[in-house]
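Please look over the sequence and the model shown here.

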Amino acid sequence: MRVLRSEYINISKILLRKLYKTGCWGKGSLYEVHLKDGFPQEDKGKVLVVADALVKQQILVKVPKKYGFKYYLNSARRDKIKEILKIS
């Protein structure tokens with residue numbers, strides 16, 4: 001699935017904000033099904049594409065679990081995540 005640059009930026013910010021607010025820094029994590037919650041129907045297919053791109057940039061970490069994959073924020077990249085979310 002093709003994701004436009006503007007869509008990528010918006011979806012990645014929403015994903016990072018969602019994980020940041022729920023405190024997913026390794027101990028807490030979200031299944032890929034729950035990552036899609038709260039997105040419009042037309043964007044739900046693009047969420048996992050953006051999440052995998054963030055994994056390649058080492059901003060997110062993807063771990064296989066019993067019921068699927070779980071995602072959490074990479075604590076080593078905390079400064080980059082705060083820069084993206086514009087948090088001081």
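Where is the place of Gln-58? Gln-58 sits in the loop between α3 and β2. Its phi is near 60°, a positive value in a residue other than glycine. Most residues other than glycine have a negative phi. A second case is Lys-86, which also is not a glycine and has a positive phi of about 60°. Lys-86 belongs to the segment after α4 (78-85). Lys-86 counts as exposed because its relative accessibility is 68%, where exposed means over 50% relative accessible area, buried under 20%, and partly exposed in between (1.4 Å probe, protein chains only).

Some ground rules come before the rest. The model is predicted, so local features need pLDDT of at least 70 and side-chain atom pairs count only at pLDDT 80 or more, while totals for chains, interfaces and linings use all residues. Residues are numbered from 1 along each chain as its sequence is written, and side-chain values use heavy atoms, with hydrogens and water left out.

The protein chain holds four helices and three strands. Helices (H or I, at least four residues) and strands (E, at least two) are DSSP runs, numbered from the N terminus. In sequence order the elements follow the pattern α-β-α-α-β-β-α.

The overall dimensions come next. The C-alpha trace spans about 35 × 30 × 20 Å along its principal axes. The radius of gyration of the protein chain is 12 Å, which agrees with the value near 12 Å that a compact globule of 88 residues would have. This radius is taken over C-alpha atoms, and the globule rule is 2.2 Å times the number of residues to the power 0.38. Of the 88 residues, 27% are buried. The protein chain exposes about 5800 Å², of which carbon and sulfur atoms supply 51%; accessible areas come from the Shrake-Rupley method with a 1.4 Å probe, and for residues only the protein chains shown count as cover.

Contacts, meaning heavy atoms within 4.5 Å, also describe the chain as a whole. Among contacts between residues at least 6 apart in sequence, 57% join residues at least 24 apart.

Now the sheet. The three strands form an open sheet in the order β1-β3-β2, with antiparallel pairing. Its edge strands are β1 (30-31) and β2, each of which pairs on one side only. Two strands pair if DSSP finds at least two bridges between them. β1 and β3 are joined in the antiparallel sense over two bridges, and Leu-30 has Tyr-71 in β3 as its bridge partner. Strand β2 (residues 60-65) pairs with strand β3 (residues 68-73) over six bridges, again in the antiparallel sense. A hairpin through two residues joins β2 to β3. In this pairing Lys-65 has Gly-68 in β3 as its bridge partner, and Val-63 stands opposite Lys-70 in β3.

Gly-68 itself is in strand β3. Is Gly-68 buried or partly exposed? Gly-68 is partly exposed, because its relative accessible area is 22%. Leaving aside neighbours within four places in sequence, Gly-68 is in contact with Tyr-31 and Val-63.

Lys-46 counts as buried, because its relative accessibility is 12%. Which residues does Lys-46 touch, not counting those up to four places away in sequence? Lys-46 touches Met-1, Arg-2, Val-3, Glu-7 and Ile-11.
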